[in-house]
There are 2 protein chains.
Amino acid sequence: MKRSLGSRSIAYPVPVWVIGTYDREGKPNVATAAWVGICASEPPAVCVSLRKERYTHANILDRKAFTVNIPSEDYLKETDYFGLTSGFRHNKTAETGLTPVKGDLVDAPYLKEFPCVIECKLLGHTDVGSHTAFIGEILDVKMDEEMLKEDGTPDVEKLKPLVLIPGSASYYGVGKYLGKAYSVGKYCCSVT
Amino acid sequence: MKRSLGSRSIAYPVPVWVIGTYDREGKPNVATAAWVGICASEPPAVCVSLRKERYTHANILDRKAFTVNIPSEDYLKETDYFGLTSGFRHNKTAETGLTPVKGDLVDAPYLKEFPCVIECKLLGHTDVGSHTAFIGEILDVKMDEEMLKEDGTPDVEKLKPLVLIPGSASYYGVGKYLGKAYSVGKYCCSVT
């Protein structure tokens, strides 16, 4: 039996990413966002939705660029902190001792310590009620060498990303391997 | 040392959702999508990106509605199957024996067997290269009673959602609880 929870922003699991930008004075800022996802393959693109009052919102419009920094479990506290605090009053990289590095391809900084960072150029944006959905073209994905398997694919057991479960405000890790995508369902029913 | 993987649609972890729609003849269709996420809080909204050639793409434009059906690990094979096959040639609910139920609030079907289903009304859409990003307002979230904790919040250890790791084409489960969101980072550094 299903229970209605009403009209709420509950859907899960969602990623936890840290968005890197520069402000007008060139101060690097990092802000946590979970209303995010991939939104296209050609060109590769992400969609990052932010409230209009956030510091990062103006920075993205100004610089037409941002980075996605994917935390590991080792940076859980810093990641939560980057969501609790605002660049209006804080210099978050200085406070946490993490290292902002100027992007190679875009006018935005990434976090040296995070295992995977993605450089994005702003393609467009659209308002959705409380939020603006920023579409960023992925110009480059960089990953720590030791996080890659021998075949060059990401090793999620080393990367240890975070997921958020809206509705219960809880962070979880990624768990056990379940199967190969675009493959395990091939023979799931008799007609295939 | 970071290695560049180039311009690729690699960002992780991403959700695995099954999108429910009706076609023009009223046939229910279910299609798996991972280029998805939450995109606003007021109103609660999701962004679901689909290639233009997918069966679901035309259905959403036609009916102005879709459902998000969140699988549990128990439906891994069916979920993968719903992504491998097309509604152009398949009647996927009939083939897998899952039960499409007409939405209470929108003109789209949800899967009775999936633990969480979300009814969405199309708010708008925008093209991003290969994909169209559909913005759907969440009109209702329904969850199986036994998946809720006593305080009415989702119990992820029972819900057992799937995550996908792009770049390694692998499904994983959600793992261990790591901490309370908007809380664990409060005292992460001395200045707070």
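Biologist: What are the ground rules for numbers and letters?

Modeller: Residues are numbered from 1 along each chain as its sequence is written, while chains are lettered from A and ligands numbered from 1 in the order in which they are written. As the model is predicted, local features need pLDDT of at least 70, side-chain atom pairs count only at pLDDT 80 or more, and totals for chains, interfaces and linings use all residues.

Biologist: What makes two residues count as in contact?

Modeller: Their C-beta atoms, placed from the backbone, must lie within 7 Å. By that rule, 92 residues of chain A are in contact with 92 residues of chain B. Strand β13 (residues 170-180) of chain A gives the largest share of chain A's side, 11 residues. That side divides into 53 nonpolar, 23 polar and 16 charged residues. Here Ala, Val, Leu, Ile, Met, Phe, Trp, Tyr, Cys and Pro count as nonpolar, Asp, Glu, Lys and Arg as charged, and the others, Gly among them, as polar.

Biologist: How do you know that the copies meet through the same surface?

Modeller: 100% of the interface residues of chain A are also interface residues in chain B, so the surface is the same.

Biologist: Why are β13(A) and β13(B) called paired strands?

Modeller: Strands are DSSP runs (E, at least two residues), as helices are (H or I, at least four), numbered from the N terminus. Two strands pair if DSSP finds at least two bridges between them. 7 bridges join β13(A) to β13(B), so the two pair. They run antiparallel. In this pairing, Tyr171(A) stands opposite Gly179(B).

Biologist: Why is Trp35(A) called buried?

Modeller: A residue is buried if 20 or more other C-beta atoms lie within 10 Å of its own, exposed if 12 or fewer, and partly exposed in between. Trp35(A) has 27, so it is buried. Trp35(A) lies in the loop between β4 and β5 of chain A. Leaving aside neighbours within four places in sequence, its contacts include His131(A) and Cys39(B).

Biologist: What covers the buried residues of α2(A)?

Modeller: The cover includes β3, β4, α3, β12 and β13 of chain A, together with β13 of chain B. Among the buried residues of α2(A) are Leu76(A) and Phe82(A).

Biologist: Which peptide bond is cis in chain A?

Modeller: The one from Glu42(A) to Pro43(A), with omega near -5 degrees. Pro43(A) lies in the loop between β5 and β6. In chain B, the bond from Glu42(B) to Pro43(B) is cis, with omega near 0 degrees.
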